[in-house]
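Here is a short briefing on one protein model. Please keep the sequence and the 3D view open while reading.

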Amino acid sequence: MPEKNIREMTELEKKHFSLAAKTFHATLMGAIVFGMVSLLIGLGLYAYALAQQYIGTAFNLSRNAAAIIEKVADPEPFVEQVMTTYRALPETERKTADTDAYRAHFAAYTTDAVFESIRGILKDFYESSDVYDVYLGMYDRETSALVYLVDPADGEADYCLPGDWDGVTRRGMEKYLTWDGKGELYDIDNTQRYGWMCTAGMPIQNADGEIICFVLTDVTLENVGHGMSRFFWQYTGGMIVIVFLIAYFMTHHTKRTVIAPINAISDAAIAYVQDKQDGVLDSKHFRDLNISTGDEIENLYWIMSDMERDLGTYEENLTRAIAEKERIGTELELATRIQADMLPNIYPAFPDRPEFDIYATMTPAKEVGGDFYDFFLIDQNHLGIVMADVSGKGVPAALFMMASKILLQNHAMMGKSPKEVLECVNNQICSNNREQMFVTVWLGVLDITTGVITAANAGHEYPVWKKDANGVFELLKDKHGFVVGGMAGVSYREYEIAMHPGTKLFLYTDGVPEANNANNELFGNARMLAALNEAADGSVTEVLASVNRAVEAFAAGAPQFDDLTMLCLEYIGKGDRI
């Protein structure tokens, strides 16, 4: 009896982990997130609107004050005198701006008629508005300072006399000195002395259009923070009440429309499983529920009802399908062994023939493949060698491969030349090839006595050879004929390869250079040649092992796309093996 995974939830689990609890928590969290986003947006819009109001007020006040000053007074001589005195002072003395000795340099300017006139104008604006300060000042690029010229706030803690100055950032200073007259001129900064402050200004120009000074208005942004705080607490209080009301009603609605039907389906499923264990074939637990929610739950109810009715038939079909799959798997496993047994696989292949050494491998991409190799003694002095690649993969390619292999070997064993073998096999296959499959073939016959290979290529990959014991592997670009099975009556061309003691011949299918990695890059001929030359002085087994390692390292776990088939022949000649 299998272990049951169904159990009743405890009251504590229902309180914290039931669908009702999760619905309540999800609704609560969703409402909180929505409320917080709304709060942030509201706070941002509130702060922006209030700040824009303060900026507009300060800028308009500066503009109006500047217009009146330009009409009733000529501040240029006064400003020039103050700035000249400021710039003439050494830096060490300017650093003592809050001392009586420093201010003595500018004391005479406070009795100037222009000073008194401008101060009276600014004082009227200052006392009739709700701003922090309004004053006349000028920026000095050389010292990065705002030099105060006229301040109407006489007697207050932050009152500034002519020549007093504050350090400013170059960005803020250049913003004023290079203003193009468009929009509102202001800068917001968190000052160490005054906190968050907005300074709006209007330049006063001389007859040549040069800026001689600014009317500057400071407004504190503390009210923005106070207003945002009030807004936050009022909104948060209302949101908490609304969130819990929404969560409560959503949970109640979900219990009635979702949780209760799901629990009914769950109970029916438990009863259905119990019936199956008891051997009851015809059960109606789902069909008796009568759920009519009009949504996906009702759809699930109908699906479960159909499942209950049809599962017997489904189980019977599933049993047959599993049996069929196991049969096919067994047959494919048998086909894999048969195909492997069809190819030479005992090494050393010819232990009594010291004139040569040969080794080959075939790794199919599926259970069975379409690549094949073959080598066989035609007589005591001739060795037949075949490397071929059937179009397609899987079982059809494997069947075509077996037929092609048998035909090629039979005709070669008759003593025919490679050219004649390919032509005869091609015509035989074309005579009854409704599936229009084809095979690329490289066929060679080694004269063991002389070391000369007579070969023909039917659309196959270029062979690779190492000409002598001290050479390196390189492509042997032979003449290709048409594929076998593609068209009847094709003629093929033969050529010869002169093998010397130590010469190696490497044959392969396109699964080697076209092996790919996770980035869909191809292994390619260059990497193949490099792998061959790493084991150029090794045995034929070591040569194939080097290529196989290189392909596996390049693929780095990527699925094998094509069959991987390789063969290496080393000609040793007469005498003992090297």
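In which strand is the place of tyrosine 571? Tyrosine 571 sits in strand β17, which spans residues 564-571. The model is a predicted one. The protein chain has 578 residues, and 43% of them are buried. The chain holds 13 helices and 17 strands. Among contacts with a separation of 6 or more, 67% join residues 24 or more positions apart.

**Tyrosine 571 and its surroundings**

- Tyrosine 571 has a relative accessible area of 4%, so it is buried, the limit being under 20%.
- Aspartate 357 is 214 residues away from tyrosine 571 in sequence, yet their C-alpha atoms are 6.7 Å apart.
- Leaving out residues up to four places away in sequence, tyrosine 571 touches Glu355, Leu446, Ile448, Thr449, Thr450 and Gly451, and also Met499, His500, Pro501, Gly502 and Thr503.

**Nonpolar cores**

- The largest nonpolar core has 58 residues, and Leu122, Leu136, Leu149 and Val215 touch the most other members.
- Helices α2 (19-72), α3 (76-88), α6 (113-127) and α7 (170-177) each supply at least two residues of this core.
- Strands β1 (133-140), β2 (145-150), β5 (195-205) and β6 (211-220) also supply at least two residues each.
- The top contributor is α2, with nine residues.
- Leucine 122 is in contact with Ala65, Ile69, Val134, Tyr135, Leu136, Val150, Pro152 and Val215, leaving aside neighbours within four places in sequence.
- A second core is separate and has 52 residues, including Phe350, Trp465, Leu476 and Ile497.

**Phenylalanine 24**

- Phenylalanine 24 belongs to helix α2.
- Its relative accessibility is 25%, so phenylalanine 24 counts as partly exposed.
- Phenylalanine 24 and threonine 254 are 230 residues apart along the chain, with their C-alpha atoms separated by 9.3 Å.
- Beyond its neighbours within four places in sequence, phenylalanine 24 contacts Phe244, Ala247, Tyr248 and Thr251.

**Helix pair α10 and α11**

- Two packed helices are described by the angle between their axes and the distance between the axes.
- For α10 (residues 394-413) and α11 (residues 418-431), the axes come within 9 Å and cross at roughly 140 degrees.
- The crossing of α10 past α11 is right-handed.
- On the α10 side, the contact is made by Phe400, Ser404, Leu407, Leu408, His411 and Ala412.
- On the α11 side, the contact is made by Val421, Leu422, Cys424, Val425, Gln428 and Ile429.
- The contact of α10 with α11 has nine nonpolar and three polar residues, and no charged residues.

**Helix pair α12 and α13**

- The axes of α12 and α13 (residues 540-555) come within 8 Å and cross at roughly 135 degrees.
- α12 and α13 are therefore oblique to each other.
- Their crossing is right-handed.
- From α12, Arg527, Ala531, Leu532 and Glu534 make the contact.
- From α13, Val543, Ser546, Val547, Ala550 and Phe554 make the contact.
- The contact of α12 with α13 has six nonpolar residues, one polar residue and two charged residues.

**Backbone points to check**

- Most residues other than glycine have a negative phi, and most peptide bonds are trans.
- Which residues does a cis peptide bond join? The cis bond joins tyrosine 347 and proline 348, with omega at about 0 degrees.
- Proline 348 is in the loop between α9 (296-342) and β7 (356-363).
- Glutamine 436 is not a glycine, but its phi is positive, at about 55 degrees.
- The loop between α11 and β10 (439-447) holds glutamine 436.
- Is glutamine 436 buried or exposed? Its relative accessibility is 67%, so glutamine 436 counts as exposed.
- Asparagine 520, a residue other than glycine, has a positive phi near 60 degrees.
- Asparagine 520 lies in the loop between β16 (503-508) and α12 (524-534).
- With 63% relative accessibility, asparagine 520 counts as exposed, because that value is over 50%.

Technical notes. Residues numbered from 1 in each chain as written. Predicted model: local features only at pLDDT ≥ 70, side-chain atom pairs only at ≥ 80, totals over all residues. Heavy atoms only, no water. Core = buried A, V, L, I, M, F, W, Y, C linked by side-chain atoms within 4.5 Å. Buried < 20%, exposed > 50% of the residue type's maximum accessible area, 1.4 Å probe, protein only. Helix = DSSP H or I, 4+ residues; strand = E, 2+ residues; numbered from the N terminus. Contact = heavy atoms within 4.5 Å. Axes fitted to C-alpha atoms, helices over the stretch in contact; angles between N-to-C directions. Left-handed = near helix turned anticlockwise from the far one by under 90°. Nonpolar A, V, L, I, M, F, W, Y, C, P; charged D, E, K, R; others polar. Parallel < 35°, antiparallel > 145°, perpendicular 65-115°, else oblique.
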